[in-house]
Amino acid sequence: YRDGQNPYFWNSIGILYFEIKQFGDSLDSFTKAININSSISEIWWNLGLLYENCNKQISDAIDCYQKALELYPKNLIILSRIQYL
């Protein structure tokens, strides 16, 4: 927690929590990252994956993916995920 104001730190922690199926902690970590810096596409992508795969909140996942796409409009993976859902 030394670098608690670094959004990439919280994004990484969120991914780790996701991998060990601690989804509430993962959500908290991604939320902290977004509160620090909401202009990082990767964090929105990861939050979308969390919503889609763990909570089955498809509309929330799409919202996150759309925000990620706004920030990184050339990312065809994000675009294809939105189209799929």
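Is Glu70 buried or exposed? I looked up its relative accessible area, which is 59%, and recorded Glu70 as exposed. I note at the outset that the model is predicted.

**Entry 1: overall fold.** I counted five helices and zero strands in the chain. Read along the sequence, the pattern is α-α-α-α-α. I then checked the dimensions: the C-alpha trace spans about 40 × 25 × 15 Å along its principal axes. The radius of gyration is 12 Å, which agrees with the value near 12 Å for a compact globule of 85 residues.

**Entry 2: burial and surface.** I found that buried residues account for 35% of the 85 residues. The accessible surface comes to about 5,300 Å², and carbon and sulfur atoms hold 52% of this surface.

**Entry 3: salt bridges.** In one, Arg81 pairs with Glu52, with the closest N and O atoms 2.2 Å apart. Arg81 lies in helix H5 (residues 76-84) and Glu52 in helix H3 (residues 41-55), so this pair ties together parts that are 29 residues apart in sequence. I recorded Arg81 as partly exposed, at 25% relative accessible area, and Glu52 as buried, at 7%.

In the other, Lys67 pairs with Glu70, and the closest N and O atoms are 4.0 Å apart. Both residues belong to helix H4 (residues 58-71), where they are three residues apart and separated by about one helical turn. Lys67 is partly exposed, at 26%.

**Entry 4: charges.** I compared the mean positions of the 7 positive and 9 negative charges and found them 4 Å apart.

Conventions:
Residues are numbered from 1 along each chain as its sequence is written. This is a predicted model: local features need pLDDT of at least 70, side-chain atom pairs count only at pLDDT 80 or more; totals for chains, interfaces and linings use all residues. Side-chain values use heavy atoms; hydrogens and water are left out. A salt bridge is a side-chain nitrogen of Lys or Arg within 4 Å of a carboxyl oxygen of Asp or Glu. Helices (H or I, at least four residues) and strands (E, at least two) are DSSP runs, numbered from the N terminus. Buried means under 20% relative accessible area, exposed over 50%, partly exposed in between (1.4 Å probe, protein chains only). The radius of gyration is taken over C-alpha atoms; the globule rule is 2.2 Å times the number of residues to the power 0.38. Accessible areas come from the Shrake-Rupley method with a 1.4 Å probe; for residues, only the protein chains shown count as cover. Lys and Arg count as positive and Asp and Glu as negative; His and the chain ends are not counted. The place of a charge is taken as NZ of Lys, CZ of Arg, CG of Asp or CD of Glu.
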